Amino acid sequence: MFSKSRETRVRWMLGSSLIPCALQLILMIPAPRSFKWLYYKDKVDESRKEAEKLYSSLTTCQYKSLLDLRMSDDSVQVSTEKKRKSKVNVSVVRRMVIVAIGLIIVGQLTGFSAILYYSVQVGHTSGIGNGNDSTGVFLVSEGIFVANFIGVLISLLVIERLGRRRLLLISQIGTICSIILIVAAIFMVDKMAMSDDPWPGVVNQACLVDTCTACVAQPKCGFCQFNTSLGSTGFCIDGNASASILSRCEDHGGSYCATDCHSKSNMFLVTSMILFVIFFSVGLAPIPFVIAAEIFPQHLRDMFTSISVSTYYSMTAIVTLVFGELYPVIG
């Protein structure tokens with residue numbers, strides 16, 4: 001596992017995921033079955049036994065409360081026909097689905113998954129790190145995951161006090177402001193680029209782009225950066241060019257950057273990304289699932305909760321795929 005070979009380390013890291021899977025399988029053996037599912041399958045006696053495994057000394061009233069039954073029912077021996085008899089209007093269910101699914105889709109379209117999964121690439125092209133040294137980028141990536149945990153923890157502590165709607169509004173406003181800050185930070189990083197050809201007829205025309213991030217996003221190009229009293233500036237040159245072109249960048253007092261853009265705005269970008277993750281995790285991440293579990297009636301809850309989770313992962317896949325395809329193009 002601690003081999004110096006990168007390929008061997010990756011294999012051990014992937015193989016180690018077997019440990020939690022095996023542990024979960026072992027722990028699932030003594031775990032009780034869902035007493036609500038057993039009840040709705042007309043297995044009332046089995047349902048009561050499974051519920052008593054979780055709740056000791058369970059009274060009939062408590063059992064009815066767990067099943068969302070009316071206390072006026074004299075018996076819990078109710079047929080499936082009666083359980084599902086109280087039908088909900090189709091238009092009402094449609095509005096519930098629009099609210100639950102709509103919140104998940106809108107939340108994912110903010111690009112949270114892209115920030116989470118592509119933080120390393122965004123960090124590299126924005127100048128977080130130094131050449132082949134990925135320590136800074138790794139710390140930023142881990143910081144984003146920690147920010148995600150902090151946001152969910154804050155939501156857990158205040159959701160009952162503030163309510164779902166107010167916390168969701170706070171999350172949406174904070175997310176919008178954070179996105180504006182991220183865009184502003186990236187523009188500040190790109191501000192140091194020059195669009196004219198520094199050495200006419202020498203530099204590859206494909207590398208004559210307007211921004212540093214667009215330059216280093218291309219594998220064949222690199223950024224020649226100059227630090228002056230007025231700030232940083234530079235231009236994009238061919239990374240596969242002869243050593244004379246690369247040395248010309250250094251001879252003119254510049255430094256050649258193949259994978260990142262060094263700017264004083266980098267920490268501003270990191271802070272903006274962390275704020276974005278925190279505000280998103282406070283409301284837009286957990287509240288759609290809370291609402292989906294609360295607005296649907298009991299006999300529809302399991303199906304539409306599954307649909308909500310499926311929508312979440314589908315949108316995550318779409319957003320990350322689209323971002324991965326567009327990132328090398330738009331930088």
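The secondary structure of the chain amounts to 16 helices and 3 strands, where helices (H or I, at least four residues) and strands (E, at least two) are DSSP runs numbered from the N terminus. This is a predicted model, in which local features need pLDDT of at least 70 and side-chain atom pairs count only at pLDDT 80 or more, while totals for chains, interfaces and linings use all residues. Residues are numbered from 1 along each chain as its sequence is written, and side-chain values use heavy atoms, with hydrogens and water left out.

Of the 331 residues in the chain, 37% are buried, that is, under 20% relative accessible area (1.4 Å probe, protein chains only). Among contacts (heavy atoms within 4.5 Å) with a separation of 6 or more, 66% join residues 24 or more positions apart. Carbon and sulfur atoms hold 64% of the accessible surface, which comes to about 19700 Å² by the Shrake-Rupley method with a 1.4 Å probe.

How many cavities of 30 Å³ or more does a search of the whole structure find? The search finds 1, a cavity being a set of points on a 1 Å grid over the protein atoms alone where a 1.4 Å probe fits but cannot get out. The largest cavity has a volume of about 50 Å³, taken as the space filled by probe spheres set on the points, which are joined across faces, edges and corners.

Lining residues, with an atom within 4 Å of a point, include Leu103, Ile104, Phe280, Pro288 and Tyr312. Two or more residues come from each of α7 (90-108), α14 (266-284) and α15 (287-295), and α7 gives the most, with 4 residues.

How values were computed:
Buried means under 20% relative accessible area, exposed over 50%, partly exposed in between (1.4 Å probe, protein chains only). On a 1 Å grid over the protein atoms alone, a cavity is a set of points where a 1.4 Å probe fits but cannot get out, and a pocket is an open set with protein on both sides within 12 Å along at least five of seven lines; lining residues have an atom within 4 Å of a point.
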